[in-house]
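The sequence and structure come before them.

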Amino acid sequence: MRTQLPSILLLLAVLSAVAFQSHATKGYPTPGWNRIKKVEDYHVQSIARFAVAEHNRQTGDKLEYVRIYRGYVDGQYYRLFIQATDHVKARKYEAVVFEKLWDKVRELVYFRSSS
């Protein structure tokens with residue numbers, strides 16, 4: 001039984017990692033993310049606008065911010081679900097922004113289409 005214990009623990013670790021990854025990739029918040037109750041807050045809005053502007057700067061796209069409809073925070077990371085338009089159709093996007101408020105630093109971690 002003692003020789004099987006490490007194998008069982010390894011199997012449990014792999015299974016939990018797979019379950020965690022599949023849960024995280026479906027757009028659900030991962031453990032540690034807390035829902036932002038007031039996404040209309042000025043600070044949250046400014047982070048969402050930054051995400052769209054930075055995406056435009058990095059890619060050359062010309063998206064225009066419409067609104068933020070859901071958001072989560074985990075320490076210095078903001079995970080935002082944003083609606084933006086390309087002047088043809090409004091689409092939904094997911095962005096993660098890192099912010100160090102005291103250093104006035106914001107960094108776009110990723111920006112991708114969200115269905």
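Q: Is glutamate 54 buried or exposed?
A: This is a predicted model, in which local features need pLDDT of at least 70, side-chain atom pairs count only at pLDDT 80 or more, and totals for chains, interfaces and linings use all residues. Residues are numbered from 1 along each chain as its sequence is written, and side-chain values use heavy atoms, with hydrogens and water left out. Buried means under 20% relative accessible area, exposed over 50% and partly exposed in between, with a 1.4 Å probe and protein chains only. Glutamate 54 has 14% relative accessibility, so the residue counts as buried.

Q: At what N to O distance do the side chains of arginine 57 and glutamate 54 meet in a salt bridge?
A: A salt bridge is a side-chain nitrogen of Lys or Arg within 4 Å of a carboxyl oxygen of Asp or Glu. Both residues lie in helix α2 (residues 42–59), three residues apart, about one turn of the helix; helices (H or I, at least four residues) and strands (E, at least two) are DSSP runs, numbered from the N terminus. Arginine 57 is exposed at 61% relative accessibility. The N to O distance of its salt bridge with glutamate 54 is 2.6 Å.

Q: Which residue forms a salt bridge with arginine 106?
A: Arginine 106 is partly exposed, with 29% relative accessibility. The closest N and O atoms of the salt bridge are 2.9 Å apart, and the partner of arginine 106 is glutamate 99.

Q: How many salt bridges does a search of the whole structure find?
A: Arginine 91 and aspartate 86 form one with their closest N and O atoms 3.6 Å apart. Arg79, Glu94 and Arg112 are linked in a network of salt bridges. For the whole structure, the number of salt bridges found is six.

Q: Over how many bridges do strand β3 and strand β4 pair?
A: Two strands pair if DSSP finds at least two bridges between them. Threonine 85 stands opposite alanine 90 in β4, and threonine 85 itself is in strand β3. Strand β3 (residues 77–85) and strand β4 (residues 90–100) are antiparallel, and the number of bridges is nine.

Q: Which residue in β5 is the bridge partner of phenylalanine 98?
A: Strand β5 (residues 105–113) runs antiparallel to β4 and is joined to β4 by eight bridges. Phenylalanine 98 lies in strand β4. Its bridge partner in β5 is glutamate 107.

Q: What is the phi of histidine 87?
A: Most residues other than glycine have a negative phi. Histidine 87 is in the loop between β3 and β4, and at 57% relative accessibility the residue counts as exposed. Although histidine 87 is not a glycine, its phi is positive, at about 70°.

Q: Which residue in the turn between β4 and β5 has a positive phi of about 55°?
A: The hairpin of β4 and β5 has four residues between the strands.

Q: At what distance does the side chain of threonine 85 reach the backbone nitrogen of histidine 87?
A: Threonine 85 is buried, with a relative accessible area of 16%. A polar atom of its side chain lies 3.5 Å from the backbone oxygen of lysine 89. The side chain of threonine 85 reaches the backbone nitrogen of histidine 87 at 3.1 Å.

Q: What is the distance between the ring centres of tyrosine 69 and phenylalanine 81?
A: Tyrosine 69 is in strand β2 (residues 64–74) and phenylalanine 81 in strand β3, 12 residues apart. Phenylalanine 81 is buried, with a relative accessible area of 2%. The planes are at 50°, so the pair is tilted, and the distance between the centres is 6.3 Å.

How values were computed. Polar contact = N/O pair within 3.5 Å; in protein donor to acceptor, adjacent residues only side chain to side chain. Phe/Tyr/Trp six-rings, centres within 6.5 Å; stacked < 30°, edge-to-face > 60°.
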